[in-house]
Amino acid sequence: MESSIRASDAHKLRSTRGLWRTALARLQRDHVTLGAISVLLIMVALAVAADVLSVNLFHYRETQQDLLDSYTPPTLSTPAFWLGSDNLGRSEIVRLLYGARVSLAVGSGAALINLTIGLALGLLAGYSRGWADDLVQFVVNTLLSVPTIPLLLIVSVLFAPGPVALVVILGLVRWPNATLFARGQTLSLGEREFIIAGRAAGASTLRIVLKHVLPNVLPFMIVLTAIDVGTLILVESALSYLGLGIAPPTPSWGNMLTTATQDLSRGPWLVWAPGGAIFLTVLCLYLVGDGLRDALDPRLSRSA
Amino acid sequence: MVLRLAPGDPVLVMVAGAQNLSPADLQNMRQAYGLDQPLPVQYLNWLKHLLTGDFGQSFLYHRPVLDMIGSALPNTLILGVLSLIVTVVIGVPLGVLAARHRGSALDQGVRVLGAAGHAIPDFWFGLLFILILSVQFRMFPVGGMLTIGKDNLDIADRLAHLVGPVLTLSLAGIANLSRYARTETLEVLGQDYVRTARAKGLQERLVLYVHTLRNALLPLVTAVGNTIAFLLSGAVVVEQVFAWPGMGRMAYDAARSKDYPIVMGVVVIASTMLLGAYIVRDVAYGVVDPRIRRA
């Protein structure tokens, strides 16, 4: 008995370690995913370095205006106007860097809240079943029956959120999907031999959930989170574009596009940069999520 | 299965309670609209009236909310229904063809489209559409439903106004649905009975259209149902970009001017429509897949 428990534990440990190691090996051959990861890392680096770059390279602050230079087309001669300037003569490229901060921070912050709530409730519902499961399912289905953007519309207008509040709001509105996913994974794991063996051996529920179920659910939740960050960046930028998210003068990619729409014919370049930045970021996150999933579970592979 | 989805309203309960929390609103309109009463009472009043079909009056326009929604809803429905049709008509065949010609240039193209369509912000796509096709090439109108001064029944003019919004609204759905259709078709193509069909010498065409598609498209019913939720959310943004006088835009304008009865009314109607779509989806699934009915 004793040895069989250890054997099953050892088997599980080996399989998780093996999971990550083989996944890493597969990733190294996946050039698309590696490329997407590099682009994202560069973006994070640029966002972090926004202060240094704006002071030393561009000599322009993100809210600095110069009405004489409004609607300057992109030019190579002045670093600050590499991407042109907007209606108030602000540097588009500097604002883009600061916008990256907002988008990346809001997206990943909210996704982290999603992940945490989703994982906690999903494990609870999926493992305990019974009334806790019913309750969680009830709340999840209720929330899912209200269209997201109209719901956020109400919430945003009510609270006129700053960046931090926006993170919390997005996190609180979008957790049901993560919960459903974690619940499904937990539910199917609950029937597996090593879980039943653990239970038979008298391991406490908490121990089984934390030591055996969680490590097996987590990798897939991480994949989900990578894609979720992208989706949240889309939602944040849409809200900011509508004037309900990040409020000016704090630059965000969404509200930069609002500025761009004020005069499409005078500053068409203002439409390209922020939208392109959103597109590229979300695309890379999506590719990374896709690549990670393939690496973790080749059966789901894109080309299979 | 259907009943599980029914409790859509408790959320509206929470939202409704929360929405009146705004201090600005309480100060401005407290007295005139009975907003000085405690929130639960207000909410119950609102709910009581709602149950009798009374959505209340707009704070701003002093018109019944239901009338206002009634005039905006058809515009949103035109947009939504057309987008849904475009999504299904383009998305599903693309996915099936990609699976059929796996690894081909078409397959690669569909995969790129799937990723790109997911990642492109819908409002940015709309802006690019306006910037390139409307402002620079003047091929399409920049927004609205029809050109001012033109005949109400000028079909060509109306269609020209629809191209941008419908395309923008459909894009994410096409990406999503084609990806889904591809996966499902590939799944079924790997089944034993497909191998049997091929082994007995059936034409590939028959294998695909008779044996594979019927099974592969079953789960797509669910995906199409989910697309509707997508469209309802997307409508708010797209209607704003193209100045489309629909329900989403009305809710947005109302939200900005804190005209709560309208916002609440729109959310109730939108959620009801979504629940209706879910019910239709579940029933349709039972119809196309008899195995589900027993469950």
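The model is predicted: local features need pLDDT of at least 70, side-chain atom pairs count only at pLDDT 80 or more, and totals for chains, interfaces and linings use all residues. Residues are numbered from 1 along each chain as its sequence is written, while chains are lettered from A and ligands numbered from 1 in written order.

View 1. Helices are DSSP runs of H or I, at least four residues, numbered from the N terminus. The axes of H4 (residues 92–128) and H7 (residues 163–173) of chain A come within 8 Å and cross at roughly 40°. H4(A) contributes Val102(A), Val106(A), Gly109(A), Ala110(A), Ile113(A) and Asn114(A) to the contact. Among the H7(A) residues are Pro163(A), Leu166(A) and Leu170(A).

**View 2. Helix H12(A) is mostly covered.** Of its 28 residues, 21 are buried (20 or more other C-beta atoms within 10 Å of the residue's own, C-beta atoms being placed from the backbone). H12(A) covers residues 269–296; at 1.5 Å a residue it should span 40 Å, and its end C-alpha atoms are 41 Å apart, which agrees. The expected span is 1.5 Å times one less than the number of residues.

**View 3. Chain A touches chain B.** Here 35 residues of chain A are in contact with 43 of chain B (C-beta atoms, placed from the backbone, within 7 Å). H5 (130–144), H6 (148–159), H10 (205–241), H11 (253–261) and H12 of chain A each supply at least two residues of the chain A side.

Conventions. Buried ≥ 20, exposed ≤ 12 C-beta atoms within 10 Å, placed from the backbone. Contact = placed C-beta atoms within 7 Å. Axes fitted to C-alpha atoms, helices over the stretch in contact; angles between N-to-C directions.
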